[in-house]
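Thanks for stopping by. Shall we walk through this model together, one question at a time?

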Amino acid sequence: MIPPEALESATQRWGRELFHLAKAEHDQLSQLNPWVRRVLRWSLSDIEAPEVRLPPALRLGIALTHPQALTARAVTHVTHWMVTQIAHQFICGTSLDEAFASIQRLETQGMGFTLDLVGETTISEREADRYREAYLTVLEGLIRLCQSHPTLLPWYGTSPRVNLSIKLSSLTSRFDAIQWDATCEAVLARLLPIVELAKTHEAFINIDMEQYQTRALTIEVLQRLLHHPSVAGYPHVGIAIQAYLRDSEAELRDLLTWLATHDQPLTVRLVKGAYWDAEVVQARQRHWPVPVFLQKAETDSNFERLTELLLTNHHLVRTAIASHNIRSLAHALAVVEVLQVPPSRLEFQLLYGMADAIKQALSKLHQPVRVYAPYGELIPGMAYLIRRLLENTSNDSFLKHDFLHEASEEELLRVPK
Ligand SMILES: Cc1cc2nc3c(=O)[nH]c(=O)nc-3n(C[C@H](O)[C@H](O)[C@H](O)COP(=O)(O)OP(=O)(O)OC[C@H]3O[C@@H](n4cnc5c(N)ncnc54)[C@H](O)[C@@H]3O)c2cc1C
């Protein structure tokens, strides 16, 4: 049992320190590029409000999208321009070369990476094969890049430099629990060669978590993967757990028991969950119980509970705390301090293009920071971009409160209740 008062006082201290370091260099924690900031500010505000000074090109674009002034080509052009600006903010490159250049820039700033190939929900088996090939190509490229450009971030000894994030829904056209065994086998057949290549070169493979209806399948594939003779015991595999799910604590406890029983190392990336709107809408449409918490504070509070559960079990799992919320990050730092968790058992992960000031603040505190860097074309990346936009404009978003100066540091650091 972690003493609550000592924990809260350490959380407040780390929180103030993070705010101080982050704001020392940047007024805005979200660190969006000016165009994206304007588009977001516009989407968050009344379009006529005098303080929203949109650039003339954008105002023209918006005027053109008015039904009476509609000209298809102009609208397409402006929309494409706006989406490209947003993509540049959140996607680290459209080609592998661009992605590699971004990764090297991150490392120069003292941060690691996990590369994600954008695209999900594959619709044919040929497409799933193409994704497998693409993951193998990316991994080979990353291995070559790292061999030819040695870099020594101090914490690479505890977690491999090459790190790839994978969405299992891209590895089969039917990522569907109804055909449980067939689906697991189809995914595993494509996943195994990727993990085996990673193992040969000591690279890390993380399995991202997607919608609730695929969670049980995702965990099953993970367990079958870790059971496979060519992978069993390999320490550099990870999975994301979503704290917005009401049953996530039970799921995590089961996973910890399984790891202990099988003597299998694992990294858990703790996230809040990126599909909140979709989960609520889908469950309501189908008259099913909503699997996610409905109050943001419940998710934040559960994130803290799961942080404590993971870090208490640091002998079983390595933890990656993935958040841009200073309260959530400060709480993790406080748990590490109070429990005296060895530094090698934790890293922080943040998304490319978001909260750069917070990444720098964590780095200044000598914390390992890894940036989740998606790369790929605009169209396959659209679902990812929409999730980032929803997140940045959601009324409950930590970064939005800071972005619009809606809440004081004190309020943002309060215990989530
Ligand atoms: C490195 C990295 C990897 C990630 N990988 C994944 C992944 O594999 N799978 C995945 O699903 N997500 C993933 N995410 C996204 C993550 O789940 C969050 O969407 C995102 O980080 C925002 O959370 P926050 O703590 O940064 O911000 P905050 O503003 O503190 O939290 C926002 C989050 O709170 C939750 N929320 C919002 N409104 C409500 C409400 N009314 N009631 C209850 N909860 C609410 C949602 O989860 C929302 O995303 C990843 C994030 C990072 C940084």
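Q: What is the mean pLDDT of the protein chain?
A: This is a predicted model, in which local features need pLDDT of at least 70, side-chain atom pairs count only at pLDDT 80 or more, and totals for chains, interfaces and linings use all residues. Residues are numbered from 1 along each chain as its sequence is written, and side-chain values use heavy atoms, with hydrogens and water left out. pLDDT is the predictor's confidence in each residue, from 0 to 100. In the protein chain 89% of residues reach 70 or more, and the mean pLDDT is 89.

Q: How many helices and strands does the protein chain have?
A: Helices (H or I, at least four residues) and strands (E, at least two) are DSSP runs, numbered from the N terminus. By that reading, the protein chain has 16 helices and eight strands.

Q: What percentage of the 417 residues of the protein chain count as buried?
A: Buried means under 20% relative accessible area, exposed over 50%, and partly exposed in between, with a 1.4 Å probe and protein chains only. For the 417 residues of the protein chain, the buried share is 53%.

Q: How do the axes of H6 and H7 run, roughly parallel or roughly antiparallel?
A: Two packed helices are described by the angle between their axes and the distance between the axes. Here axes are lines fitted to C-alpha atoms, for helices over the stretch in contact, and angles run from 0 to 180 degrees between N-to-C directions. The axes of H6 (residues 125-148) and H7 (residues 180-200) come within 10 Å and cross at roughly 5 degrees. Angles under 35 degrees count as roughly parallel, over 145 as roughly antiparallel, 65 to 115 as roughly perpendicular and the rest as oblique, so H6 and H7 are roughly parallel.

Q: How many nonpolar, polar and charged residues are in the contact of H6 with H7?
A: Residues of H6 including Leu136, Leu139 and Ile143 meet residues of H7, among them Ile194 and Leu197. Ala, Val, Leu, Ile, Met, Phe, Trp, Tyr, Cys and Pro count as nonpolar, Asp, Glu, Lys and Arg as charged, and the others, Gly among them, as polar. The contact of H6 with H7 then has nine nonpolar, no polar and five charged residues.

Q: Which residues of H11 make the contact with H9?
A: H9 (residues 248-262) and H11 (residues 296-312) pack at about 10 degrees, with their axes 10 Å apart. That angle makes H9 roughly parallel to H11. From H9 come Ser248, Glu249, Leu252, Arg253 and Leu256, and from H11 come Asn302, Arg305, Leu306, Leu309 and Leu310.

Q: Is Arg305 buried or partly exposed?
A: Arg305 lies in H11. Its C-alpha atom is separated by 9.0 Å from that of Ala243, 62 residues apart along the chain. Because its relative accessible area is 39%, Arg305 is partly exposed.

Q: How many of the 14 residues of H12 are buried?
A: The expected span of a helix is 1.5 Å times one less than its number of residues. H12 (residues 326-339) should therefore span 20 Å, and its end C-alpha atoms are 20 Å apart, which agrees. The buried residues of H12 include Leu329, His331 and Val335. H12 is mostly covered, and its buried count is 11 of 14.

Q: Is Gln89 buried or exposed?
A: Gln89 is in H4 (residues 72-90). Gln89 and Val36 are 53 residues apart in sequence, yet 7.4 Å apart in space, C-alpha to C-alpha. With 7% relative accessibility, Gln89 counts as buried.

Q: Which residues does Thr94 touch, not counting those up to four places away in sequence?
A: Thr94 sits in the loop between H4 and H5 (96-108) and, at 40% relative accessibility, counts as partly exposed. Its partners beyond four places in sequence are Tyr375, Gly376 and Glu377.

Terms used: Contact means heavy atoms within 4.5 Å.
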